[in-house]
Amino acid sequence: MSDLEKAAAIRPSLSEAQVVELVGRLYGLKVSEVKPLLSYMDQNFHVLVCETQECGDHGKSYVLKVLNTDDSQDADLVEVQTRVMMFLNQKGFPTTTPITTIDDKIMSLETISCGEEHKNYMVRLLTYLPGTQLLGISADPQILYKIGRTLGQIHKALTEFKHPNIESLRRDSDNWNLSNIHQLHKYLFAVKNTSNRQIVEQIIQQFMKKILPNINNFHKNLNSAISTFLSNCDDHQLSQLTRFYRDRLEQAIEEGVEGVSLMV
């Protein structure tokens, strides 16, 4: 089974009626409108609710996130990810945070009908953050500086984050783990532009030459391998890398994100 076939098999396929039922039953909120959001292996909805039961004007809006069946099995991982968002919010970062269920849970594993069978999905209702995606902004040096500064501030803040299940974030075999850059050779076919494909090939080759042979010698944290790799890139390589990933991200969003796993 290919990655795209697997993604289709484990991805939720809730109807708007099921979303309305979930939000009402788990959170006691009356939904006035449901808008599907882009997603890859999960299913996301922008949910508008009424402030009063009369349901006049739209009151508040949230994001209902329904995880795929694979990730829904790892409650420890989902809880740590959610606690990280809550921690960063408490530190002053504008992050989304979970809305607790009527029985005071930050997430809920739900058995949901999917045609002829029932599947278990982890469900969370999150605050909605309005704003403009990076896709719609000209990435001038000032914007890139702000992005880098914010990421640095987040990284520094997370050094204080503690949780008994934090090791669940170490998904060593996952393709999304940046320590597995060398495994991306099999996805090069997805990069149609010859120039971009050559850039990716160079990055993979440098990673295999400079990082992979010594990867066990690096201090283990969630970002160590990729940080070391980037520190070995010169300004031109970093510029190419930044331009490439921005171009691929824009294309992925424009195409509906269904191939994002092949672009990393």
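Nine salt bridges are counted in this predicted model, a salt bridge being a side-chain nitrogen of Lys or Arg within 4 Å of a carboxyl oxygen of Asp or Glu. Because the model is predicted, local features need pLDDT of at least 70 and side-chain atom pairs count only at pLDDT 80 or more, while totals for chains, interfaces and linings use all residues. Residues are numbered from 1 along each chain as its sequence is written, and side-chain values use heavy atoms, with hydrogens and water left out.

## Salt bridges

Side chains of opposite charge can pair when their charged atoms come close.

| Salt bridge | N to O distance |
|---|---|
| Arg25 and Glu110 | 3.0 Å |
| Asp42 and Lys65 | 3.3 Å |
| Asp103 and Lys105 | 3.8 Å |

Arg25 forms a salt bridge with Glu110. Arg25 sits in helix α2 (residues 16-27) and Glu110 in strand β5, so this pair ties together parts that are 85 residues apart in sequence. Burial is judged by relative accessible area: buried is under 20%, exposed is over 50%, and partly exposed is in between (1.4 Å probe, protein chains only). Glu110 is buried at 10%. Arg25 is partly exposed at 40%. A network of salt bridges links Glu21, Arg25 and Glu110.

Asp42 and Lys65 also meet in a salt bridge. Asp42 belongs to the loop between β1 (31-37) and β2 (43-50), and Lys65 to strand β3 (residues 58-66), so the pair ties together parts that are 23 residues apart in sequence. Both Asp42 and Lys65 are buried.

Asp103 pairs with Lys105. Asp103 is partly exposed, at 47% relative accessible area. Lys105 is partly exposed too, at 44%.

## The chain as a whole

The chain has eight helices and six strands. Helices (H or I, at least four residues) and strands (E, at least two) are DSSP runs, numbered from the N terminus. Their order from the N terminus is α-α-β-β-β-α-α-β-β-β-α-α-α-α. Of the 264 residues in the chain, 36% are buried. A contact means heavy atoms within 4.5 Å. Among contacts between residues at least 6 apart in sequence, 60% join residues at least 24 apart. The chain exposes about 15,600 Å², with carbon and sulfur atoms supplying 52% of it. Accessible areas come from the Shrake-Rupley method with a 1.4 Å probe, and for residues only the protein chains shown count as cover.

## Helix α4

Helix α4 (residues 75-90) has 16 residues, which at 1.5 Å a residue should span 22 Å. The expected span is 1.5 Å times one less than the number of residues. The end C-alpha atoms of α4 are 22 Å apart, in agreement. Its buried residues are Leu77, Val78, Val80, Thr82, Val84, Met85, Phe87 and Leu88. Their cover includes α3 (69-72), β4, β6 (117-127) and α5. Gly92 follows α4 and has a positive phi, near 100 degrees.

## Helix α6

Helix α6 has 18 residues and should span 26 Å at 1.5 Å a residue; its end C-alpha atoms are 25 Å apart, which agrees. Asn196, Ile199, Val200, Ile203, Ile204, Gln206, Phe207 and Ile211 are the buried residues of α6. They cover an arc of only 160 degrees around the axis, so they lie on the same side of α6. The arc is that of the directions from the helix axis to the C-beta atoms. An α-helix has 3.6 residues a turn, so residues three or four places apart point the same way. At the start of α6, a side-chain oxygen of Asn193 comes to within 3.0 Å of the backbone nitrogen of Ser195.

## Loop residues

Asn165 lies in the loop between α5 and α6. Asn165 is partly exposed, at 25% relative accessibility. Leaving out residues up to four places away in sequence, Asn165 touches Asp76 and Val80. Asn165 and Asp76 are 89 residues apart in sequence, yet 6.2 Å apart in space, C-alpha to C-alpha.

Asn180 lies in the loop between α5 (141-158) and α6 (194-211). Asn180 is buried, with a relative accessible area of 7%. Beyond its neighbours within four places in sequence, Asn180 is in contact with Asp172, Ser173 and Asp174.

Asp104 is found in the loop between β4 (98-99) and β5 (108-114). Asp104 is exposed, at 61% relative accessibility. Its phi is near 70 degrees, a positive value in a residue other than glycine.

How values were computed: A polar contact is a pair of N or O atoms within 3.5 Å; within protein, one must be able to donate a hydrogen and the other to accept it, and residues adjacent in sequence count only if both atoms are side-chain atoms.
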